[in-house]
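Colleague: I am new to reading protein structures. Could you walk me through this one, feature by feature?

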Amino acid sequence: MSRPEGFPKIAPVGLCGMAIRFSASLSEQANRAALAFRAGLEKAAWYGVEEVSTSLTSAFVRFDPLHLSHDALAARLRDMLDAQDWYGADLPGGRKHFRIPCVLGTELGPQFGDAAAEAGLSEAQARDELCAARPRVLTIGFAPGQPYTGELPAHWNIPRLKELTPKVPQGALVVAIRQLIIFANDTPTGWRHIGQTAFRCFRPEADEPFALRPGDEISLRAIDAEELHAIRARDRTGLGGAEIEVIA
Amino acid sequence: MSARYLHVLEAGPSMTVQDAGRPGYLGEGLSRSGAADALALAEGAALLRQGADLAAVEMAGMGGTFRASHDMRIALSGAPMRADVDGARLTWNASHLLPAGAVLRIGAAEAGTYGYLHLGGGVATPSVLGSRAAHLAAGVGRAVKVGDELPVGDETGDAVGLTLDPAPRFGGGELRVTESMQTALFSEQTRARFESTDFTRDARANRMGARMAFDGAPFAAEGQLAILSEVIVPGDIQMTGDGTPFVLLPECQTTGGYPRIGTVIPPDMPRVAQAGPGAALRFRFISQNEGVDALRRHRDAVAALARGVRALSRDPAQMPDLLSYQLIDGVVSAHDPDPKGDQE
């Protein structure tokens, strides 16, 4: 699949925003299309456009409709969509791989067993699979610097819970719908809490407040609670013991 | 010259420094934050005849007690709260002089939710990523606490004793909504019921969002738990798993997987933020063009605020200490940037 039926599609987001949607479901190509289209919007820098961003499979434009009309913006977006095959675009440059220490299961990841069962795996199998995976940062969102990474193998397509867990801590690893997230802050969530890292996605006091960018890759190194504690004790950077390598 | 600051002697539980917010970091997952009632920020700026980019103290539901290190100009806007300086009652929606050492007391909101204390020169706490606005949900800044000494910027004006008539927004009313990318996931019938339902802002509302309590069946979309996370903007009306709408506010998340039935237009957001407990709110869908017209009229009204400001009529019956008031006035009009010199 490269170009899903009926896509790309332009949709309003409130009075001052438009989303350019490349798919209704997550795919590698649609994610790349969104990232490349956002880069194109940044380069175009149209008058009246105030901000651009991406979500999983969409680019987003925030604009001032008193300076750039909805019709004029939509027409320009359509022209830009027609100008190239966005689904075949390259990933952004300057990407990195973060290998992040993580306690999987135990009381630090209380829904690990439940998630493994949902995926049809034993806990040992689930641990092996999660540590072997190298999911990509598909988008940053919800909370500052917070990565949505994927995709995991298809059997990890487990739904979000209907009942929210009232508070999952900063640095928590959560899973749902073939994606892993490391939480930027304490938050209520419907995703299953399966592990704990010392990784801080957002460090407002740092020169580079946001650690990860879309296109980066992460992997997990299984550790125990004692090692997590030791990492926290010595960590001055907020990276939680992550090893970082440049990949592109 | 010593630094000007406001000493916080008592503080309500949800008091923060806010300005126009921190736009531009949506792609990094950081929402804009900024004053929950942006109009109140503009009103305070008009009352002090200073820039609307300056930061103020936002007080949710409850004010606090403050003492000024130097003579300062203040303005009060947003949700009306009972306020006095050393026992002399202050008019809300007005600017006043707060003499050095005097104690300013601000009580509970009498209507609405968010009251604002503005200072001549603005609150001068350190800027993070281009703004002083606390974003507690994101871990930027923190709540104002007892014992804080809030730095105050250099005074650039002398206007005081001014008042204005605030746009009504503290008692609920109609919220205009435009369609958003997920509106079509809700049936026409559900949307019609949504428009004809009376909602009240749940008391648990905070700067992230306001839960809209109502009587009746949940508002459900198709495939509610399965949709892909998409971009979120303040004003989006998110339908959570149990079918209750939340209107998202300045500290909202930047993406989310719950469907949104529509988006409240920016001019009506102060009405969402300020609806007091029990105030009835209704949603009404309007076209994009009607929304743009409303936005234009709103911007014109904000731009006209400074022209609408007038002198506060001084009722001697409400001014037990007329002499000191005039004395203070004299100090201010002398354009002395730091009348107290190097004290403190």
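Predicted model: local features only at pLDDT ≥ 70, side-chain atom pairs only at ≥ 80, totals over all residues.

Colleague: Now the strands, please. In what order do the six strands of the open sheet in chain B lie?

Modeller: Strands of a sheet pair through backbone hydrogen bonds, either parallel or antiparallel. In this sheet of chain B the order is E7-E6-E9-E4-E1-E11, and the pairing is antiparallel. Strand E7 (88–90) and strand E11 (149–151) of chain B are the edge strands, each pairing on one side only. On average, neighbouring strands of the sheet are turned by 30 degrees against each other, with direction ignored.

Colleague: How many bridges join strand E6 of chain B to E7(B)?

Modeller: Three bridges join them, and E6(B) covers residues 81–85. To see one pairing, find Ala83(B): its bridge partner in E7(B) is Leu90(B).

Colleague: Let us move to where the chains meet. How many residues does each chain give to the contact?

Modeller: Chain B gives 40 residues and chain A gives 42 residues. On the side of chain B that touches chain A, the elements giving two or more residues are strand E16 (230–231), strand E19 (255–256) and helix H4 (288–303) of chain B. H4(B) provides the largest share of that side, with six residues. By class, this side of chain B divides into 17 nonpolar, 17 polar and six charged residues.

Colleague: And which domains does the assignment give for chain A?

Modeller: Chain A has domain 1 (9–88) and domain 2 (96–246) in the domain assignment. Their centres, taken over C-alpha atoms, are separated by 29 Å. The contact between them takes six residues from domain 1 of chain A and eight residues from domain 2 of chain A. On the domain 1 side, three residues are nonpolar, three are polar and none is charged.

Terms used: Residues numbered from 1 in each chain as written. Chains lettered and ligands numbered in written order. Contact = placed C-beta atoms within 7 Å. Helix = DSSP H or I, 4+ residues; strand = E, 2+ residues; numbered from the N terminus. Nonpolar A, V, L, I, M, F, W, Y, C, P; charged D, E, K, R; others polar. Domains from an automatic or database assignment. Pairing = 2+ DSSP bridges. Axes fitted to C-alpha atoms, helices over the stretch in contact; angles between N-to-C directions.
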